[in-house]
Amino acid sequence: MKALLKNAREQKGLKTREVAQLLEIDQALISKFESGTRKPTKEQISKLSQLLEIDFETLMIAWLKEKILYEIGDEEFALKALFLVEQEIQNNKKIISSGVLSSIQSVLDEIEILKKQIQSFQHFDLHRISKILELEFISESNRLNGNSLTFQETKSVINEGLTISGKSMHEHLETVNLQETLGYIKDLNQKKVSLSEKELLTIHNLIVRGIKPENSGKYKNDPLIIREMNLFFNWYETNKNNIHPILLASEAHLKILKISPFENANIQIANLIMNWILLQNGFVFATIQGNENQINEYLSILKECQNKSDPSLFVNFILRIEKENLLRAIELVSK
């Protein structure tokens, strides 16, 4: 921080005396700030940022870093303590503001009514619509990933084991892998197995098996990824019983994409984890269509959420899709 202050002052051609006069503080304090023998107050940081035209966030981060180092820098367990602090800060962040939550509550209520209507159906009907929605999810998810197999071709590959002329082996593998991965997830749900690192890595291995074998079931070789994923699982365990499953699933999708833990298949993994959470809580697939319009909408919303650090746009997008698919399930029974 001391270098930031001194460099900024010199670039503006100001003397320590002039800075002191403009801020109405003792000149000796400015010298001590620049030598590191004295720390400014938070109010003084704000004034220095404006006067010297230093980015406020940059200066605040430097100030906080020095405060932390001063307090615990020499402690034996400082790094472990900081890791726990980071986890707690992450856990305490609100997923979505109360104002936004109230605005979507009516949609959540509608979705709950539709879900209960579907749960009242006969077992035979539930099994039939589950198979159709699963096939649609596989087909559309693959299209989202650039796979050119049509719905009917996807159905033939899965139900009849056919090889489609003119389509690549890669596309066939994607389809079979996704079907087997969904079978694995459904088995986990029956056993009431919760999301964990072990299961996430297994799912990644199943998705890219035979396609990218050198990277299957492994994070990127980056220590930061491991730390971020530890924080992700800590966040999930803290929130899985505290917030609405659709909000949890949507936020999990965004977090995985932001971390991007794998060399490939991050979108597929984010999509699968989101739908695993939904299925585990009695909802149907939130199938993002693979047509150009919805792909563009999906990517645009992801970009805006990242730029604004606001998940509400994506939550609303998934709410809309989930409601549409619940209505689709009801329609299938009435046919």
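Helix α8 (residues 123-144) has 22 residues, which at 1.5 Å a residue should span 32 Å; the end C-alpha atoms are 31 Å apart, so the two values agree. The expected span is 1.5 Å times one less than the number of residues. Helices are DSSP runs (H or I, at least four residues), numbered from the N terminus. Just after α8, Gly146 has a positive phi of about 95°.

This is a predicted model, in which local features need pLDDT of at least 70 and side-chain atom pairs count only at pLDDT 80 or more, while totals for chains, interfaces and linings use all residues. Residues are numbered from 1 along each chain as its sequence is written, and side-chain values use heavy atoms, with hydrogens and water left out.

Two packed helices are described by the angle between their axes and the distance between the axes. Axes are lines fitted to C-alpha atoms, for helices over the stretch in contact, and angles run from 0 to 180 degrees between N-to-C directions. For helix α4 (residues 42-52) and helix α5 (residues 56-72), the angle is about 145° and the axes are 9 Å apart. The contact (heavy atoms within 4.5 Å) involves Lys42, Ile45, Ser46, Leu48 and Ser49 of α4 with Phe56, Leu59, Met60 and Trp63 of α5.

Further along, the axes of helix α9 (residues 151-160) and helix α10 (residues 169-190) come within 10 Å and cross at roughly 60°. α9 and α10 are therefore oblique to each other; angles under 35 degrees count as roughly parallel, over 145 as roughly antiparallel, 65 to 115 as roughly perpendicular and the rest as oblique. Thr154, Val157 and Ile158 of α9 make the contact with His172, Thr175, Val176 and Gln179 of α10.

α10 also packs with helix α11 (residues 197-208), at an angle of about 155° and with the axes 7 Å apart. These two helices, α10 and α11, are therefore roughly antiparallel. On the α10 side the contact includes Asn177, Leu178 and Tyr184, and on the α11 side it includes Glu199, Ile203 and Val208.

The whole structure holds seven aromatic pairs. Rings of Phe, Tyr and Trp (its six-membered ring) pair if their centres lie within 6.5 Å; planes under 30 degrees apart count as stacked, over 60 as edge-to-face and the rest as tilted. Tyr298 and Phe314 have ring centres 6.4 Å apart and planes at 50°, so this pair is tilted. Tyr298 lies in helix α15 (residues 292-308) and Phe314 in helix α16 (residues 312-334), 16 residues apart.
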